[in-house]
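Please read them with the model open.

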Amino acid sequence: MNLGCNLRDLATAHPLELNEMSGQRIAVDVFLNAYQFITSLVGQDGKPLSFDGRPVAHLMGFLDRATWMLENGIEPVFIFDGRPHDLKMETLAGRKERKVEAVEKWEAAVETGDMALAKKLGPQTAEYTRDMVAETKRLFDCLGLVWIEAPMEAEGAGAVRCANGEVAAVASQDWDTLLYGSPVMIRNLTSHGRKKFGRLLTAEKVVLQELLDTHDITREQLEQQLDMSTVDEEIEAISFRYGQPYKRIDPATATILGAVARFYNGSVVYSFDDADYSGYGYKRTITRHFEVFSSKKSQIEIEVYTDYLLQALE
């Protein structure tokens with residue numbers, strides 16, 4: 001079982017126009033999107049937007065994105081995660097410990113009246129509770145939308161339905177979707193048309209068979225290679241660039257990225273680059289960017305948590 005693999009260096013993502021998905025049934029990973037909503041749609045204290053003391057950010061997010069997909073002729077099939085696999089329990093336990101620490105820091109910030117810090121820490125304390133899951137299902141029922149509860153992983157259930165021809169693709173950011181055998185994966189579907197780091201996001205299509213043909217490997221060989229690479233990820237030190245090139249170093253991004261990197265025993269430096277970034281609309285070719293040093297295993301978590309916190313500030 002692959003827990004959080006990353007195929008971005010192997011796969012080719014093709015930009016998609018919305019009309020290309022019109023009339024198609026697309027499986028959507030619910031939990032991934034739910035956490036995106038409850039960590040980005042937040043109040044001044046960093047907690048998810050609420051009404052009468054009850055969180056509603058997840059409902060607002062799904063209502064907006066579901067109706068948007070329907071308006072564009074896309075028929076979503078929302079898939080909820082089922083019971084976690086036993087092999088994932090250790091990972092979930094680690095996340096729970098980090099969340100407890102984040103809650104303590106958030107409560108301390110609120111007690112001292114440091115609401116700016118509380119707003120930054122709030123997304124780290126986010127939870128998608130059983131009540132919130134039930135509310136999401138009721139919302140889908142009211143909208144007449146199809147939802148499914150997977151036996152285990154949502155992307156796995158979506159991949160099976162895609163392979164069987166029940167859906168045209170699986171919309172998820174999780175690369176495990178391809179390892180589960182989904183012939184087609186769509187990234188950034190629910191973020192299509194929105195800006196991130198000043199760059200407009202668009203839906204992207206990744207085809208499993210194209211990936212295998214490009215590298216002349218079978219699906220089994222791909223899985224074996226990834227299983228072997230996870231051993232090295234625990235200790236191998238790497239450097240990676242965070243975000244797109246900037247004309248200036250943004251203070252908020254620098255602060256948040258630095259804090260998250262340190263949490264995972266990493267560090268951040270600021271590098272100069274004279275490569276051609278005219279494709280991003282910059283006139284100057286000399287740019288500055290964030291270079292992060294960490295273990296291979298920590299890269300995805302550093303990127304994800306930093307993204308969540310920065311979205312909360314928007």
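1. Which helix holds Thr 177? Thr 177 is found in helix H7, which covers residues 176-179. Keep in mind that this is a predicted model.

2. Is Thr 177 buried or exposed? Thr 177 is buried: the relative accessible area is 0%, and the cut-off for burial is under 20%. Leaving aside residues up to four places away in sequence, Thr 177 touches Glu 155, Ala 159, Val 170, Ser 172, Ser 182 and Met 185.

3. Two of those neighbours deserve a second look. Val 170 and Met 185, both touched by Thr 177, are bridge partners, with Met 185 lying in S8. Strand S7 (residues 169-171) pairs with strand S8 (residues 184-187). The sense is parallel, and the pairing runs over two bridges.

4. Next, the sheet. Seven strands make up an open sheet with mixed pairing. The order is S1-S11-S8-S7-S2-S5-S6.

5. Helix H8 (residues 208-215) lies across S1 and strand S11 (204-207). H8 runs at about 60 degrees to S11.

6. Now the helix pair. Two packed helices are described by the angle between their axes and the distance between the axes. For helix H1 (residues 30-40) and helix H2 (residues 57-71), the axes come within 8 Å and cross at roughly 115 degrees. The crossing of H1 past H2 is right-handed.

7. Which residues make the H1 and H2 contact? From H1 come Val 30, Asn 33, Ala 34, Phe 37 and Ile 38. From H2 come Ala 57, His 58, Gly 61, Phe 62 and Arg 65. By class, the contact residues are six nonpolar, three polar and one charged.

8. Finally, the chain as a whole. The secondary structure comes to eleven helices and 14 strands. Of the 314 residues, 43% are buried.

9. One last value concerns contacts along the sequence. Among contacts between residues at least 6 apart in sequence, 70% join residues at least 24 apart.

How values were computed:
Residues numbered from 1 in each chain as written. Predicted model: local features only at pLDDT ≥ 70, side-chain atom pairs only at ≥ 80, totals over all residues. Heavy atoms only, no water. Helix = DSSP H or I, 4+ residues; strand = E, 2+ residues; numbered from the N terminus. Buried < 20%, exposed > 50% of the residue type's maximum accessible area, 1.4 Å probe, protein only. Contact = heavy atoms within 4.5 Å. Axes fitted to C-alpha atoms, helices over the stretch in contact; angles between N-to-C directions. Left-handed = near helix turned anticlockwise from the far one by under 90°. Nonpolar A, V, L, I, M, F, W, Y, C, P; charged D, E, K, R; others polar. Pairing = 2+ DSSP bridges.
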